[in-house]
Amino acid sequence: MEYRLKIGEDTVPVEFETKDENGINLSMEENEYDINYSRISDNQIHLSVNGQRVNAYVAKTEQGKTIFINGVSYLVQDADDLERKRSKRKGGQDMPTEITPATPSVVIAIPVEIGQAVKKGQVVIILSAMKMEISLNSPYDGTITAINAAEGDNVSPGVMLVEIEEAPKENDPKES
Amino acid sequence: MFKKILIANRGEIARRVITTCREMGIAVVSVYSDVDEKAIHVLEADEAVCLGDAEPAQSYLNMDKIIQAAKETGAEAIHPGYGFLAENADFAARCEQEGIKFIGPSSQVIKDLGDKITARQIMTKGGVPVIPGMTESNPDPDFIAQEAEKIGYPVLIKASAGGGGKGIRIVESAETIKESCQAASREAMTAFGDGTIYLEKFFDTAKHIEFQILADQHGKTIHLMERECSIQRRHQKIIEESPSGALDDDLRAKMGEAAVAAAKASGYQNAGTVEFLLDKDKNFYFLEVNTRLQVEHPVTEMITGVDLVRQQLEIAAGNPLALNQEDIQIRGHAIECRVYAEDPENGFFPSPGVIEFMREPKGPGIRNDCGVYSGFEVPVNYDPILSKLIVHAENREASTLRMIKALKDYIILGIKTPISFLIEVLQSEPYTSGEVYTDFIETHFTDWKPKLDELALARIAYIVDDLAGGKKNSNFASAESKEISPFQTLGNWRL
């Protein structure tokens, strides 16, 4: 079996084969690992890795798995999964063009209205999360086409709060 | 003693007060907002009253609803915790009018000490050293500029009302003083409805040292030694300890006397904290009095063995302080780390959400004042504190090592926490050598990223988690996960 696992910017291929019911032999970055394991709970596994005993705590999240070992937490992602998801989204736009909160928040104010023209960087919605105020800006010049939240609403990441249609780019703004 | 009290707070501090009330046989009324129906302070209360909407103004800050809840349930006193209404003089006055005992000082004392200029005047009269600067407000920027020349730059422009770092400007030179005055005054006006500002000398490498005091209703006031709270982010403390390595017995005695004098000068009753700034030459200056139980009170409880909440209740009930100053001795060293729902890699950005799984550290000398549990959804509406982890050991070195071990054993999955950040701070050379000043985080930990030294193990764990399948052995394993059931806390029993 092979995985390609990403932590931060680094994607590393990992190969392994089953040794017995609770063991695998694994190779990664030119190192060999003899691994035995047991599941302790839904969120805890106990490992022996080349004789070193390790408790790892695991939670599945939307982005991948959060793995907590010895006081440090790691976000580990399956690189193949990520690529599949990205191709589904088509085009693979990496620009943050969606007006959605980074964390669950409460809407404080929406200083724009439908049909209004906005400039790139203009504040379109103000949120509050745990006593901190956060404003979200328009990623480009454009026109507000929809507002999907109201003041006082609880909103979550992934929800498009404000939709903005990008203004057509003027190729030659200073035509002589 | 009271038979029943209401706690006008939530989270770990409400639970902390409940614990002592239980020990003393006092019934507890909790109040809560819609999003806190399953919060721990509600689950553990004798009675709970829903205040309504999650918005603080509609719930935990709503004086009418809280007073009404106290009357309906027959609570004789209200413990305000910290934050929310704890230092609100109007609320204390309302309680006084309604015949409900406010567990804290009188509304007049809260009002006097809440205004920084008034407090400076009281302390000056009481012989307590204050930071060089103005003791009367004067809105004239020219006058402030002259005063700044007198005390020497850098200076700090401060709003007389409020707190939380708002309306504060550090001014390095005469060129920017006038515009800084205007900006600070404007900000104070917006935040507190009061644009009054004044001037103080600014100390860039100072320590934040505070003294715990207790004052009964019969004129007796004692102090319970100091806490050092120099490690802060965004003007909020994150690591506190007691005793402070910066004080020797002589200085400790002098500052303790000043703290008691400060309490007496203001007519203080109940538990309070006198904050001082300690400069490089070991001169100390009065900063302010916090008229409430502090977040970091547990480190004092650990080294003195005194339950501060119990003392608060005894004092509020009118009982004389049984403790004398000479009873208060420092035993060992205690450290507290605040565990917030926030992302230290991303400017300590808030990280609310569902706690998928948590396991609290245990062991000798470890205490976790915790307001959350596995499966609880941390709401977006309130302060992001989850718990305070406190350790106690024989000396600073031992308690630092104990804290690092406890943090490594503290598992919180589902939301981001500063646990790995706290571990690195405690392991850092400036911390272990005691070179800790209020600019510690900016100086040593700007743009911090975690040291990811177990990348291979993390990848292995990812794969093994897939292979090992889920929900095996779930009978014994889920003891601390997901749902709280009475059977988890049940001891031996038979029919």
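1. Contact here means heavy atoms within 4.5 Å. On that basis, 52 residues of chain A touch 49 residues of chain B. The model is predicted: local features need pLDDT of at least 70, side-chain atom pairs count only at pLDDT 80 or more, and totals for chains, interfaces and linings use all residues. Residues are numbered from 1 along each chain as its sequence is written, chains are lettered from A in the order in which they are written, and side-chain values use heavy atoms, with hydrogens and water left out.

2. The area buried between chain A and chain B (accessible area, 1.4 Å probe, that two parts lose on being put together, summed over both) is about 4700 Å², and carbon and sulfur atoms give 69% of it. Within chain A, the residues that lose the most area to chain B are A:Arg39, A:Tyr57 and A:Met130, together 17% of what that side buries.

3. Between chain A and chain B there are 4 salt bridges, each a side-chain nitrogen of Lys or Arg within 4 Å of a carboxyl oxygen of Asp or Glu. A:Lys65 forms a salt bridge with B:Asp465, with the closest N and O atoms 2.9 Å apart.

4. Strand S6 (residues 52-60) of chain A gives the largest share of the side of chain A that touches chain B, namely 7 residues. Strands are DSSP runs (E, at least two residues), numbered from the N terminus.

Note on methods:
Helices (H or I, at least four residues) and strands (E, at least two) are DSSP runs, numbered from the N terminus.
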